[in-house]
Each structure stands twice: as C-alpha cells, then as structure tokens.
Amino acid sequence: MGSNSPRSEEKVAAIAVRIFGKRECDICKTATENINRYLSEIRHKIETFHYDMDTLDGLTEAAVHSAFDVPTIIIEKDRKEIRRWKSLPPAEEFINVCSCL
C-alpha cells in the first residue's frame, strides 16, 4: 500500500476513493482488491488513493480524514465526503454509491 501526500492530489478527480489500511493487514489487502474489482464495474473515472497507516504520511492523512480504524474506505465527490465504511463495504452498496455520483 503506497501513500499519497496532499500535495500530490492537486488535480483530484471529481470522485475519489480513499483507502486507509496497513501493509500487513489481510483485511486491508482484501478490501483494496475488492474495491479495485468494484471500480472496474463503474463507467466513470474514479481516482483511488491508498494510505499506509504504518507510515507518518499515512497517519497524517488518517488524522486529516478522521480515519482511525483499518480499513477505512471513504468516497468523496469534489473533495466532500459522501460515504464512509470502517470495514470492507458490501459490493452492491459501494457500486451503487459510486454510480450515483
């Protein structure tokens, strides 16, 4: 799981998914794999950001977004939070939320 700093996000797509997790967390790995699969079913562009909460950058972003559980998945539209899950989101719910944006 990589980490993106806020400065690297200056041109964020209108819809973004932020995934907060830890490198050695099996649930986090599964969540990331499933979300990537869910996103392949959605037709419009959605940018994803992965934050490793075992790093200072990841913890900083987690603090900014109040994402203290792993995994935490946040969907944003125009940088405003639309939906958040503190675990692996159900496929149908995740896809419905993203498709409606």
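I am working from a predicted model, where local features need pLDDT of at least 70, side-chain atom pairs count only at pLDDT 80 or more, and totals for chains, interfaces and linings use all residues. Residues are numbered from 1 along each chain as its sequence is written, and side-chain values use heavy atoms, with hydrogens and water left out.

**Helix α2.** I took helices and strands as DSSP runs (helices H or I, at least four residues; strands E, at least two), numbered from the N terminus. I looked up burial in α2, residues 56-64. Buried means under 20% relative accessible area, exposed over 50%, partly exposed in between (1.4 Å probe, protein chains only). G58, E61 and A62 are the buried residues of α2. Down the axis of α2 they fall within an arc of 105 degrees, so they line one face of the helix. I read that arc from the directions from the helix axis to the C-beta atoms. An α-helix has 3.6 residues a turn, so residues three or four places apart point the same way. L56 and V64 are exposed on the other side of α2.

Next I checked what the buried face meets. The buried residues of α2 pack against β1 (15-21) and β2 (47-52); contact here is heavy atoms within 4.5 Å. Just after α2, I noted a positive phi of about 50 degrees at S66.

**Cores.** I counted as a nonpolar core a set of buried Ala, Val, Leu, Ile, Met, Phe, Trp, Tyr and Cys residues joined through side-chain atoms within 4.5 Å. The largest has 16 residues, and V17, I35, L39, I46, I73, I75 and F94 touch the most other members. β1, α1 (26-39), β3 (72-77) and α3 (91-99) each supply at least two residues of this core. A second, separate core has 8 residues, including F20, F49, M53 and A67.

**R84.** I found R84 in strand β4, residues 80-85. Its side chain reaches the backbone oxygen of S66 at 2.8 Å. The side chain of R84 also makes a polar contact with the side chain of E81, at 2.8 Å. A polar contact is a pair of N or O atoms within 3.5 Å; within protein, one must be able to donate a hydrogen and the other to accept it, and residues adjacent in sequence count only if both atoms are side-chain atoms. Leaving aside neighbours within four places in sequence, R84 is in contact with H65, S66, A67, T72, I73 and I74.

**Cysteines.** I searched the whole structure for disulfides (cysteine sulfur atoms within 2.5 Å) and found 0. C25 counts as buried at 16% relative accessibility. C28 is buried at 1%.
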